[in-house]
Amino acid sequence: MMGRLGGALVGAMVAIAATVAGAQAQDAAAGFPNKPVRVIVPFAAGGGNDIFARLVGNKVSEILGQPVINENKPGAGGRIAAEYVMNQPHDGYTLFIGASGVMSIAAAAYPNLSYHPTKTFIPLTMIANFPLILVVPPDHPAKNVKELVEWAKQHPDKANYASTSPAFTTASELLKLKSGMPGQMIPYKSSNEMILSVIQGQTLFAISDGPPAIPQIKAGKVRALAVTDSVRSEEVPDVPSMKEAGFPEVNIKLFSGYFVSKGTPPEIVAKLEAALRKAVTDPDVSSKLKGMAVTPGGQPGSEFSAMIDSDIKMISEVIKAANLKFEN
């Protein structure tokens, strides 16, 4: 009899504790945020992700009614910042700007990565995504991607490409896998150096992000053969998509988005997601993002998460097929 009573008493106490904890969590969510929200940017000030964070952050601050403070923590390709955020209190007051290289590409490229984009973190919404651009020297005889592939096959000793990161290497290796073209990777320290190597004819091609490539394309210093998307880019409308070029499977876009640590109360996650989606889709913010040659995001966190998992799977398959190895 006493055993049954004792068990019932313990059960009741557990239920009361759970109710109290739930009420406290709801109270915390109801008052959230009641202090500044920090956004950790894993790259130096002035770069694309930093600009994204400041642009969207101003609108988020208006929506939440609290200051949004951006902090730059560069290092190790952004992984230092990711590890920093995952070790902060899971209270919604520390957000992370995660780019493709730090999230999906890192998860595929580094087997011993200390975090996972959708298991250690909760994707809240994408800020923007954008395709890469395949460029060659302006005087190269290849006028399209298929001609470039054939030229490389006929001149394997001159078939090389420039890269600065796993993102560009993966895109280039995907083209090789789908076309059968040869190509040796030549490493560079920055995107500007990578583009310069193409301008000077040191490399046959580069698959680059838009900001360093587009000014050189418009100046006639390099020639763009395709964008790594199924549709053309508004910024370079005369350049065909990889689908038009005959290689629809070479479809890679980089992204940047907001994340929060797993373990953050669901009510706070929901409030953050709603505020961030509202900020990204704000007409003024969206217009300014488009002016940076990117496609604005703002989709639900569940869609963003599914996209990241799909990216990891695709990139992992490329890395395995091409037998790529990346150093941490």
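Mentor: Begin with the terms: on a 1 Å grid over the protein atoms alone, a cavity is a set of points where a 1.4 Å probe fits but cannot get out, whereas a pocket is an open set with protein on both sides within 12 Å along at least five of seven lines; lining residues have an atom within 4 Å of a point. Rolling a probe the size of a water molecule over the atoms shows where empty space is left. This is a predicted model, in which local features need pLDDT of at least 70 and side-chain atom pairs count only at pLDDT 80 or more, while totals for chains, interfaces and linings use all residues. Residues are numbered from 1 along each chain as its sequence is written, and side-chain values use heavy atoms, with hydrogens and water left out.

Trainee: How many cavities of 30 Å³ or more does the structure hold?

Mentor: There are 2. A volume is the space filled by probe spheres set on the points, with grid points joined across faces, edges and corners. The largest cavity has a volume of about 80 Å³, and the second largest cavity about 30 Å³.

Trainee: Which elements give two or more residues to the lining of the largest cavity?

Mentor: Helices (H or I, at least four residues) and strands (E, at least two) are DSSP runs, numbered from the N terminus. Here the elements are strand 4 (121–131) and helix 8 (210–218), and helix 8 gives the most, with 3 residues. Among the lining residues are Phe 130, Pro 131, Gly 210, Pro 211 and Ile 214.

Trainee: How does the lining of the largest cavity divide by class?

Mentor: Ala, Val, Leu, Ile, Met, Phe, Trp, Tyr, Cys and Pro count as nonpolar, Asp, Glu, Lys and Arg as charged, and the others, Gly among them, as polar. The lining of the largest cavity has 8 nonpolar, 2 polar and no charged residues. For the second largest cavity the division is 7 nonpolar, 1 polar and no charged; its lining includes Val 37, Gly 57 and Tyr 258.

Trainee: What is the volume of the largest pocket, and which residues are closest to its centre?

Mentor: The largest pocket holds about 990 Å³ of space. Of its 39 lining residues, Phe 43, Asn 49, Phe 168, Ser 191 and Asp 209 are the closest to the centre. Helix 2 (48–64) supplies the largest share of this lining, 4 residues. By class, the lining of the pocket divides into 23 nonpolar, 13 polar and 3 charged residues.
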